[in-house]
Amino acid sequence: MFDSFSNSEILSGMITPAVLVSACASLIFSTANRLGRIFDRVNLLKSEVELLLDGKRSFHTERMIYMRHQLSVQKKRAVLIQRSMAFLYLATSLFVISSLTLAITLAFAKEYSWIPTVVAITGGICLFLASALLFYESRYNLTFINRQIEFTEFLEREVDKK
């Protein structure tokens, strides 16, 4: 039963999931930063809306349309970020589980060595889905930036008219 401990099969098999856990951790960190930036942008937009409602900004109608659109984009981005983080946490958990089940199956039940492979593949799928969601979210970020540029250009044109 313990003869498998004498070779490096267990440790070498556990390395790949450990590397993938590290990759997930990096993505979780950067994704959490993205979520923080969304929060900051929403707070800035909220402050702008409050100034509009107090009558302290010109072009009230245009600004309100702009703010509604920007808040809508940020809401969609936040949902995508949250879903991608859920997949990243799930992938991390699955990679840890696959590493542990690999050690257990190689030590005690080699006939079940397919289990860690299935768990690791499932983790890989979750990692892929998280990456796809992050890619999709980055397109919304580009939409936000483009709309901000367009509105700034509008304000410049309106000021030049005066």
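Biologist: Which helix is Ile104 found in?
Modeller: Ile104 sits in helix α2, residues 60–108. Helices here are DSSP runs (H or I, at least four residues), numbered from the N terminus. This is a predicted model, where local features need pLDDT of at least 70, side-chain atom pairs count only at pLDDT 80 or more, and totals for chains, interfaces and linings use all residues. Residues are numbered from 1 along each chain as its sequence is written, and side-chain values use heavy atoms, with hydrogens and water left out.

Biologist: Okay, what makes Tyr136 and Tyr140 an edge-to-face pair?
Modeller: Their ring centres are 5.5 Å apart and their planes are at 90 degrees. Rings of Phe, Tyr and Trp (its six-membered ring) pair if their centres lie within 6.5 Å; planes under 30 degrees apart are stacked, over 60 edge-to-face, and the rest tilted, so this pair counts as edge-to-face. Both tyrosines lie in helix α3 (residues 114–161), four residues apart, about one turn of the helix. A search of the whole structure turns up four aromatic pairs.

Biologist: Why is Tyr140 called buried, and why is Tyr136 called partly exposed?
Modeller: Buried means under 20% relative accessible area, exposed over 50%, and partly exposed in between (1.4 Å probe, protein chains only). Tyr140 comes out at 19%, so Tyr140 is buried. Tyr136 comes out at 43%, so Tyr136 is partly exposed.

Biologist: And how do you know that Phe59 is buried?
Modeller: Phe59 has a relative accessible area of 17%, which is under the 20% limit, so Phe59 counts as buried. Phe59 lies in the loop between α1 and α2. Its phi is near 55 degrees, a positive value in a residue other than glycine.

Biologist: Which residues do ring pairs link with Phe59 into a cluster?
Modeller: Tyr66, Phe151 and Phe154. Phe154 also touches Glu62 as well as Phe59, not counting residues up to four places away in sequence; contact means heavy atoms within 4.5 Å.

Biologist: What makes a group of residues a nonpolar core?
Modeller: The members must be buried Ala, Val, Leu, Ile, Met, Phe, Trp, Tyr or Cys, joined through side-chain atoms within 4.5 Å. The largest nonpolar core has 15 residues, and those with the most contacts inside it are Met67, Phe151, Phe154 and Leu155. The elements giving two or more residues to this core are α1 (9–53), α2 and α3, and α3 gives the most, with six. A second, separate core of 14 residues includes Ile81, Leu94, Val119 and Leu127.
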